[in-house]
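Here is a colleague's note, written as numbered points, to be read with the sequence and the structure side by side.

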Amino acid sequence: MLRLLVLVCWLAAVSQGAEDVRRPFPGVTHIVRSDTAPRAFRMHVVRIELGTSGLRFKVSPPGGRREAVRQTTLDFLIAEKAQIAVNLHFFLPFPSSDPDANLIGLAVSEGTLYSGFETPEQSYAIVADAPAIHLDRDNRASVITRESASAAALWNAFAGSAQIITNGRPSIPVYRDERHPDGQLIPGGPAPYSNARSWYAAANARTIAGLSRDNGTLFLVTLDRAGASLGLSLYEAAEILVRDYGVHNAINLDGGGSTTLAMQDPGTGERLIVNMPSGGTARSVASSLAVFVPLDTTPPARNAETPRPISVRIAR
């Protein structure tokens with residue numbers, strides 16, 4: 001009977017999807033998850049242990065006629081000679097071919113603050129004074145707000161559209177209406193968006209950054225909407241990250257065609273985009289996060305069980 005139960009659980013897991021788990025650098029686990037529920041999607045989860053010796057970070061620095069000069073996340077990775085990079089902020093003007101851009105929300109690069117908390121024009125998608133993730137000089141991480149940031153010595157910090165996981169629970173913002181007088185979002189925009197048709201409910205490519213309960217692990221997550229991957233809503237993504245990966249707090253970063261995860265191949269040294277950009281080619285974005293990890297001379301570890309079935313919780 002026990003063997004039968006194990007077999008049933010394993011078959012159910014295989015039908016849901018599988019994970020390929022690798023450890024390309026010290027303190028870094030790279031998970032590629034392919035799944036079919038709630039629809040076909042492909043997710044990259046990069047788990048970075050912040051206590052790793054020699055680890056450091058850098059947010060794209062300021063420059064140009066506005067706050068930043070746009071470049072692809074891969075170009076930033078190559079220029080910085082880093083090991084991992086992911087796109088960060090929403091930015092304006094957009095759409096535009098202008099190489100100079102303003103970031104939306106808090107941006108600090110190695111102690112230089114060049115974009116502050118703000119009330120954005122896109123209030124149908126981005127909350128006012130959106131919380132940010134801060135990484136100090138010693139890689140101590142936290143989610144900060146306008147109030148808490150004023151007392152902090154900021155080193156590297158980046159904001160997105162909203163905090164979508166708060167203290168281990170999904171916390172997708174809602175629109176202000178009669179039933180939600182304190183809603184953080186304003187109905188309108190191109191849809192127009194409302195609680196009946198939330199910007200956060202669309203299945204799309206996503207970039208998310210999160211922290212573990214003890215703030216000792218940083219999660220960098222991308223979801224593709226290209227090829228066979230149909231993307232996820234932020235409701236769906238938040239539930240998966242809480243349930244399956246132990247993400248305790250997280251913010252939603254710029255997604256869609258901006259979603260990019262680039263990494264150095266630890267074997268060849270080549271730096272490549274590892275996800276599938278929605279537009280077919282990498283978008284020039286206004287900011288990215290570079291992760292510098294001490295290289296190991298030993299071959300990269302690969303989980304002996306990968307690709308492995310995703311664990312399934314059985315109600316008792």
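This is a predicted model: local features need pLDDT of at least 70, side-chain atom pairs count only at pLDDT 80 or more; totals for chains, interfaces and linings use all residues.

1. Strand S6, made of residues 84-87, and strand S21, made of residues 261-264, run antiparallel and are joined by 3 bridges. Two of the residue pairs can be looked up directly: Val-86 has Leu-261 in S21 as its bridge partner, while Ala-85 has Ala-262 in S21 as its bridge partner.

2. On the way to the rest of the sheet, strand S21 has a further partner, because strands S21 and S22 are also antiparallel and also joined by 3 bridges. Within this pair, Met-263 stands opposite Leu-272 in S22. The two strands form a hairpin with 6 residues between them, and in the turn Gly-269 has a positive phi of about 85 degrees.

3. These strands belong to an open sheet of 5 strands, which has the order S4-S23-S6-S21-S22 and antiparallel pairing. Strand S4 (56-59) and strand S22 (271-273) stand at the edges with a single partner strand each, so one side of each is left without a neighbour in the sheet. On average, and with direction ignored, neighbouring strands of this sheet are turned by 15 degrees against each other.

4. What packs on this sheet? Helix H2, residues 73-80, does so, touching S4, S6, S21, S22 and strand S23 (288-292), and the direction of the helix makes about 35 degrees with that of S23.

5. The two faces of strand S21 deserve a separate look. In a regular strand the side chains alternate between the two faces of the sheet. In S21, Leu-261 and Met-263 lie on one side and Ala-262 and Gln-264 on the other, and all four of these residues are buried, so that both faces of the strand are covered.

6. Which residues lie nearest its centre? They are Phe-90, Phe-94, Tyr-124, Trp-199 and Asp-254, out of a lining of 25 residues. Strand S7 (91-92) and strand S20 (249-253) each supply at least two residues of that lining, and the residues of the lining divide into 15 nonpolar, 7 polar and 3 charged.

7. Finally, the count of cavities of 30 Å³ or more comes to 1, and the largest cavity has a volume of about 40 Å³. Among the residues that line this cavity are Ile-104, Leu-106, Phe-117, Glu-118, Ile-126, Val-127 and Asp-129. The lining of the cavity divides into 7 nonpolar, 2 polar and 2 charged residues.

Methods: Residues are numbered from 1 along each chain as its sequence is written. Side-chain values use heavy atoms; hydrogens and water are left out. Helices (H or I, at least four residues) and strands (E, at least two) are DSSP runs, numbered from the N terminus. Axes are lines fitted to C-alpha atoms, for helices over the stretch in contact, and angles run from 0 to 180 degrees between N-to-C directions. Contact means heavy atoms within 4.5 Å. On a 1 Å grid over the protein atoms alone, a cavity is a set of points where a 1.4 Å probe fits but cannot get out, and a pocket is an open set with protein on both sides within 12 Å along at least five of seven lines; lining residues have an atom within 4 Å of a point. Ala, Val, Leu, Ile, Met, Phe, Trp, Tyr, Cys and Pro count as nonpolar, Asp, Glu, Lys and Arg as charged, and the others, Gly among them, as polar. Grid points are joined across faces, edges and corners, and a volume is the space filled by probe spheres set on the points. Buried means under 20% relative accessible area, exposed over 50%, partly exposed in between (1.4 Å probe, protein chains only).
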